[in-house]
Amino acid sequence: MNNDLKISLGDYESFVQSHTIEINEKEVIYCITLKKTIISCPECSSRINIKDYRKCKVIHNMIGSKNTSLILKKRRLVCPQCNKVVTEENPFTEKSHSRLSQTSELEIMNKLKEPTTTFSLVARFFNTSPTKVVEIFDKYGQMRRQPLPDIICIDEKHWRHKGQNRYMCVILDFKTMEIVDIIDGRTKKA
């Protein structure tokens, strides 16, 4: 197997049956056929046959300064007993319809750790949409709520904001005088 492919795929190389490489100015494209796995029908448990192949493009991590994409030749399988059609699972993405590999999602999260990066900047770097970057951040970057201190101070503050609320609610820890939270608005609902 090609050395660049081993570096790019890492642990996934054991799933690859064959591959070809296309290199252009902007990206490296690996056309990959996955190894055949014997799958039984999820409905009736009988042996499944290959119906056809579909190509699926997955954005993978970077090699050097070039984007890396995988074009997976995915098998669609059909059950001769119940005619159920299923798509072969691939090890690169969490969901079969995802266009970003799990490695790319982790790289995006590592890039978001830098304090000066924005969702748009990371999206441009990984050739995806800012909405997708936000979805990945929400998926992996959930923070647990901290418990409230024993004694809290609540005060409202007027601020020069052209948005909907011209006041904010500030919650402080009475003992340490550290800010616990700042809430946009001073209504009961907020």
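## A nonpolar surface patch

L148, I152, I154 and V180 form a nonpolar surface patch of about 360 Å². A patch of this kind consists of residues with over 30% relative accessible area and no salt bridge, with nonpolar side chains (Val, Leu, Ile, Met, Phe, Trp, Tyr) joined within 5 Å and like charges joined within 9 Å. A salt bridge is a side-chain nitrogen of Lys or Arg within 4 Å of a carboxyl oxygen of Asp or Glu.

V180 counts as partly exposed because its relative accessibility is 36%; buried means under 20% relative accessible area, exposed over 50%, and partly exposed in between, with a 1.4 Å probe and protein chains only.

## Basis of the model

The structure is a predicted model, in which local features need pLDDT of at least 70 and side-chain atom pairs count only at pLDDT 80 or more, while totals for chains, interfaces and linings use all residues. Residues are numbered from 1 along each chain as its sequence is written, and side-chain values use heavy atoms, leaving out hydrogens and water.

## Overall architecture

The chain contains four helices and eight strands, arranged along the sequence as α-β-β-β-β-β-α-α-α-β-β-β. These elements are DSSP runs numbered from the N terminus: helices are H or I with at least four residues, and strands are E with at least two.

Of the 190 residues in the chain, 29% are buried. The accessible surface comes to about 13400 Å², and carbon and sulfur atoms account for 50% of that surface; accessible areas come from the Shrake-Rupley method with a 1.4 Å probe, and for residues only the protein chains shown count as cover. Among contacts (heavy atoms within 4.5 Å) between residues at least 6 apart in sequence, 43% join residues at least 24 apart.

V28 belongs to strand β2, residues 27–34, and is buried at 8% relative accessibility. Its C-alpha is 9.9 Å from that of H60, although V28 and H60 are 32 residues apart in sequence.

R76 is located in strand β4, residues 66–78, and is buried at 17% relative accessibility. Leaving aside residues up to four places away in sequence, R76 touches N49, I50, K51, D52, R54, V85, V86 and T87.

## Cysteines

A disulfide is a pair of cysteine sulfur atoms within 2.5 Å, and by this rule the count is zero. The sulfur of C41 has its closest cysteine sulfur in C82, at 3.5 Å, which is too far for a bond. C41 is buried, with a relative accessible area of 2%, whereas C153 is partly exposed at 24%.
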